[in-house]
Amino acid sequence: MSKYLNGVKMGVEGSSRPRAESVAPARGGGRALPGLSAGRYVVAAAIFSLAVVSPAAAEKFGLGRPALPEEIAAWDLDVAPDGTGLPAGSGDVFTGEEVFAEKCAVCHGDFAEGVGNWPKLAGGQDTLDHDDPLKTVGSYWPYLSTTWDYVNRSMPFGDAQSLTADEVYAIVAYILYSNDLVDDEFVLSDGTFADVELPNAEGFILDDRLEAEKHFWNPEPCMENCKDDVEITMRAMVLDVTPEEESAAASGDAAPVEEAEEPVEVAAVLDPELVAKGEKTFKKCKACHQVGDGAKSKTGPILNGIIGAPAGYVEGFRYSKAMKAAAEGGLVWDEAELAAFLAKPKKYMKGTKMSFAGLKKEGDIEAVIAYLKSYSQ
Ligand code: HEC
Ligand code: HEC
């Protein structure tokens, strides 16, 4: 209890994504622990103000209206270390493996071992006292609730909150299995949740600086020109959590793909302004796709020559079953099909691996298609 109370304090005072920096004993890398379930109390405070303060304020000032119970419920997602806040549900390791393969493995690997620079979710046990510790859900995170909450709240990357409660239970069971913490028969549910203790549960200390470091405090701190020169003495070692374009391309495990045959000069018939706008829009795609000379398949396939190409044509890229089926059905990426896909990928193609919510702003689709055309024949 005291351990996460400490996290709570930081959550309330600090940013919306509380970090456990000051409670972690063996920090070598630059990663902070996400979540730490501090949110419960932040949210509790928010609910308090919504439910109690707003109606009064609404009456007094004639502003707004009290939040509906459904609106509060939609915000009130967080799960505490003891499992408080979990929805009813369950999922087993086998189901988790399937869902994970479908929705998470492109970035986190089939066995949660991580692809390229995307985070590893398994392994690293007994490395916390190394210079370069591998901090994963299994090796570092103290509470399973953080995993449940994090996955439920923010994954899959680009398509957050698309998982059902049962899917989250199954995935978390699979992540435990990948860390050798449960066997393959294991079923995680709101009932079994509290039985799981993560190996590093005792690895955090109470942040008692308020008392322990009191004697360092200076009641009249120096506020200007306090030092002659300032020197940087330490640097975070791990800065590459989310892959940069180059680093991801360099790690490219999907085989490099042949260039589209002789890119023909089509730029002439394209509106250069629209193409330039599309290049900006394409920034949204760049996390996963490359175009142009030397482009490689990354999380998503290379997109050279995509306009007018049959779906799923990039050799060596591991498409989803859904994309393969569409390809067999003869889908061709003409402008109309592509526009429909890009507006709502998951709706257009149920089961696609493209974890992208879709382009919503008017004109973006047209522009990005023009940009892709400039790389197509
Ligand atoms: C498109 C790539 C991508 C996909 C797909 C994806 N993730 Fe992630 N995941 C990330 C990135 C990037 C981070 C790091 C985010 C950060 O630190 O801000 C991350 C972080 C995580 C973390 C925290 C890891 C840590 O130690 O900090 C967990 C747990 C996780 N993802 C689970 C999942 C699960 C489960 C799925 C499938 C439902 C999934 N992810 C799908 C990219 C992805
Ligand atoms: C989070 C990663 C990600 C983002 C962001 C993303 N894609 Fe994708 N994209 C994929 C993946 C993975 C596939 C393969 C889908 C499958 O196999 O179901 C894909 C497939 C495609 C395809 C079909 C390719 C083929 O060979 O049939 C097109 C076209 C495409 N994406 C365009 C875009 C565009 C344009 C954007 C930006 C507006 C974008 N994608 C954003 C990951 C992404």
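Helices are DSSP runs of H or I with at least four residues, strands are runs of E with at least two, and both are numbered from the N terminus. This is a predicted model, in which local features need pLDDT of at least 70, side-chain atom pairs count only at pLDDT 80 or more, and totals for chains, interfaces and linings use all residues. Residues are numbered from 1 along each chain as its sequence is written, while chains are lettered from A and ligands numbered from 1 in the order in which they are written.

**View 1. G96 sits in helix α4.**
G96 has its place in α4, which covers residues 93–103. Is G96 buried or exposed? A residue is buried if 20 or more other C-beta atoms lie within 10 Å of its own, exposed if 12 or fewer, and partly exposed in between, with C-beta atoms placed from the backbone. G96 is buried, because 27 other C-beta atoms lie within 10 Å. Two residues are in contact if their C-beta atoms, placed from the backbone, lie within 7 Å. Leaving out residues up to four places away in sequence, G96 touches G91, A170, I171, A173 and Y174. E167 is 71 residues from G96 along the chain, yet their C-alpha atoms are separated by 6.9 Å. The buried residues of α4 are V93, G96, E97, V99, F100 and K103. They pack against β1 (90–92), α5 and α7 (165–178).

**View 2. Helices α6 and α7 cross.**
Two packed helices are described by the angle between their axes and the distance between the axes. Axes are lines fitted to C-alpha atoms, for helices over the stretch in contact, and angles run from 0 to 180 degrees between N-to-C directions. The axes of α6 and α7 come within 10 Å and cross at roughly 130°. Angles under 35 degrees count as roughly parallel, over 145 as roughly antiparallel, 65 to 115 as roughly perpendicular and the rest as oblique. α6 and α7 are therefore oblique to each other. From α6, the contact uses L144, T147, W148, V151 and N152, and from α7 it uses V168, I171, V172 and I175. Ala, Val, Leu, Ile, Met, Phe, Trp, Tyr, Cys and Pro count as nonpolar, Asp, Glu, Lys and Arg as charged, and the others, Gly among them, as polar. By class, this contact of α6 with α7 has seven nonpolar, two polar and no charged residues.

**View 3. Loops on either side of α7.**
P156 is found in the loop between α6 and α7. The peptide bond from M155 to P156 is cis, with omega near -5°. Q161 lies in the loop between α6 and α7. Its phi is near 60°, a positive value in a residue other than glycine. Q161 counts as exposed because it has 11 C-beta neighbours inside 10 Å. D180 is in the loop between α7 and β2 (187–189). Phi of D180 is near 60°, again positive in a residue other than glycine. D180 is exposed, with 12 other C-beta atoms within 10 Å.

**View 4. The surroundings of ligand 1.**
A residue is near a molecule if its C-beta atom, placed from the backbone, lies within 6 Å of it. Ligand 1 is surrounded by 24 residues, and the closest are C104, C107, M155, P156 and F157. α5 (105–108) and α6 (144–154) each supply at least two residues of this shell. The shell has 16 nonpolar, seven polar and one charged residue.

**View 5. The surroundings of ligand 2.**
How many residues surround ligand 2? There are 30, and the closest are C285, C288, G300, Y319 and S320. α11 (321–328) and α12 (335–343) each supply at least two residues of this shell. By class, the shell around ligand 2 holds 20 nonpolar, eight polar and two charged residues.

**View 6. Helix α14 against α12.**
α14 (residues 364–373) is mostly covered, with eight of its 10 residues buried. The buried residues of α14 pack against α10 (272–281) and α12. The axes of α12 and α14 come within 10 Å and cross at roughly 125°. The contact is made by E335, L338, A339, L342 and A343 of α12 and by I365, V368 and I369 of α14. These residues divide into seven nonpolar, no polar and one charged.
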